[in-house]
Amino acid sequence: MSRLALGWLAAGLVGLVLFAYGAADDGPPQTNADRAYALANDFACPVCNGQSVAESDASIARIIRADIRQQVDEGRTDDEITAYLRSRFPDDIALTPPASGFAGLVWVLPVVAIVAAVAGLVVVFRRWSADAAEPASDDDAALVEAAQQVREDH
Amino acid sequence: MSDDRPRRTALWIALPVAAVVAVFVGIAATADTGEDAATSELVGGLAPAIVAEATDGSTFDLDEQRGQWVLVNVFATWCVPCIEEHPELVAFSEANADVAVVSIAFDDEPERVSDFFTREGGDWPVLLDSTIAIDWAVAQVPESFLVAPSGQVVYHFRGGVTQEGLEQAIGDLEGRA
């Protein structure tokens with residue numbers, strides 16, 4: 001394996017490790033308050049622009065936070081609470097898009113795009129490498145010889 | 001031929017990017033708006049249960065109102081359109097004793113709610129449990145719902161109501177409910 005290939009492999013491994021570290025789950029929330037806060041972060045405030053229920057100070061966000069906390073204290077699971085809120089408000093309330101249906105494409109497309117981009121780059125780089133390895137033509141040799149002659153003359 | 005290579009490479013890059021952008025635009029364009037979904041979610045279905053303590057200490061149960069029209073009003077004392085609609089609600093309630101009215105305070109203080117009704121009038125049950133608003137998919141106030149004698153939600157008012165608008169809606173729906 002060439003040094004260049006080893007370098008690329010090392011860079012890829014470092015990227016993979018960093019990605020895995022960033023995506024690693026911190027584990028389940030420890031207390032009911034932690035769970036309620038984590039759930040509130042998963043929902044968009046229905047009347048705000050880009051704020052989660054946990055972040056917003058809008059009335060409905062406060063009410064939903066209180067409701068989530070109450071449901072957590074009553075022993076409902078995260079899935080039950082999520083299903084309830086999604087049934088009450090439009091799908092837009094969920095900050096995490098559904099994994100199925102047309103909207104589920106948002107999970108798949110970035111991966112497809114990245115794979116396609118990497119494959120495209122590999123193809124392009126290999127072509128460039130192949131071009132560079134082509135033997136010099138007679139015209140090329142004549143050009144080099146002429147250039148060397150000019151250099152020697154000076 | 002080799003002169004075309006950069007152009008072809010650019011095309012191969014541009015096409016997937018354009019496809020991804022087109023799909024995202026498609027998702028955004030076909031997504032339901034909150035307004036439509038919130039309205040269609042409740043109207044036509046059985047009214048969500050309401051069992052809660054009123055400001056006068058009594059317990060209000062929506063199921064016990066079956067057989068008569070019920071106006072469910074979600075309001076707040078800090079909301080200007082709610083203040084503006086209140087005299088209309090009082091007039092409607094006084095002129096239509098056969099229609100039950102119930103108000104649900106939205107993110108409000110009990111003392112303010114009691115003071116508001118003492119000052120502005122209205123002798124119907126007022127509930128302080130804001131989480132009822134979630135059952136009714138209310139995100140902003142004022143909003144009101146007409147519940148038919150059958151227990152179905154048949155009309156959704158987004159914004160302030162008027163006595164005339166309420167009476168007209170019930171009149172229009174009475175034959176169908």
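This is a predicted model: local features need pLDDT of at least 70, side-chain atom pairs count only at pLDDT 80 or more; totals for chains, interfaces and linings use all residues.
Start with one term: a residue is buried if its relative accessible area is under 20%, exposed if over 50%, and partly exposed in between (1.4 Å probe, protein chains only). Helices (H or I, at least four residues) and strands (E, at least two) are DSSP runs, numbered from the N terminus.

Residues are numbered from 1 along each chain as its sequence is written, chains are lettered from A and ligands numbered from 1 in the order in which they are written, and side-chain values use heavy atoms, with hydrogens and water left out.

**Stop 1: strand S4 of chain B**

Select S4(B). Six of its six residues are buried, so the strand is largely enclosed by the rest of the structure. Show the side chains. B:Ala100, B:Val102 and B:Ile104 point one way. B:Val101, B:Ser103 and B:Ala105 point the other way.

Two strands pair if DSSP finds at least two bridges between them. S3(B) and S4(B) pair in the parallel sense, over six bridges. Which residue of S4(B) is the bridge partner of B:Val70? Click on B:Ala100.

Next, select strand S5 of chain B, residues 126–127. S5(B) runs parallel to S4(B), joined by two bridges. One to find: B:Ser103 has B:Val126 as its bridge partner.

Bring in the helices. S3(B), H3(B) and S4(B) make a right-handed β-α-β unit. Right-handed means that, with the strands pointing away from the viewer, the path from the first strand over the helix to the second runs clockwise. Turn the view and trace it. S4(B), H4(B) and S5(B) make a right-handed β-α-β unit as well.

**Stop 2: aromatic rings**

Stay in chain B. Rings of Phe, Tyr and Trp (its six-membered ring) pair if their centres lie within 6.5 Å; planes under 30 degrees apart count as stacked, over 60 as edge-to-face and the rest as tilted. The structure holds eight aromatic pairs over all chains.

Select B:Trp78 and B:Phe106. Their ring centres are 6.5 Å apart and their planes at 55°, so the pair is tilted. B:Trp78 lies in the loop between S3 (70–75) and H3 (80–95), and B:Phe106 in the loop between S4 (100–105) and H4 (110–120), so the pair ties together parts 28 residues apart in sequence. Buried or exposed? B:Trp78 is partly exposed at 41%. B:Phe106 is buried, at 1%.

Then select B:Trp136 and B:Phe145. These ring centres are 5.0 Å apart with planes at 55°, so this pair is tilted. Both residues are buried.

One more selection: B:Phe75, B:Phe116, B:Phe117 and B:Trp124. They form one aromatic cluster.

**Stop 3: disulfides**

How many disulfides does a search of the whole structure find? There are two over all chains. A disulfide is a pair of cysteine sulfur atoms within 2.5 Å.

Select B:Cys79 and B:Cys82. Their sulfur atoms are 2.2 Å apart. The torsion about the S-S bond is about 85°, so the disulfide is right-handed. B:Cys79 is buried at 5%, and B:Cys82 is buried at 2%.

Move to chain A. Select A:Cys45 and A:Cys48. Their sulfur atoms are 2.2 Å apart. This link is right-handed, with 55° about the S-S bond. A:Cys45 and A:Cys48 are both buried.

**Stop 4: salt bridges**

A salt bridge is a side-chain nitrogen of Lys or Arg within 4 Å of a carboxyl oxygen of Asp or Glu.

Select A:Arg35 and A:Asp78. Their side chains meet at 2.7 Å, N to O. A:Arg35 lies in helix H2 (residues 32–40) and A:Asp78 in helix H4 (residues 78–88) of chain A, so the pair ties together parts 43 residues apart in sequence. A:Arg35 is buried at 19%. A:Asp78 is partly exposed at 32%.

Go back to chain B for B:Arg158 and B:Glu143. This salt bridge spans 3.4 Å, N to O. B:Arg158 lies in strand S7 (residues 153–158) and B:Glu143 in strand S6 (residues 143–147), so the pair ties together parts 15 residues apart in sequence. B:Arg158 is partly exposed at 42%, whereas B:Glu143 is buried at 2%.

Finish with both chains in view. Select A:Asp57, A:Arg62 and B:Asp107. A network of salt bridges links them.
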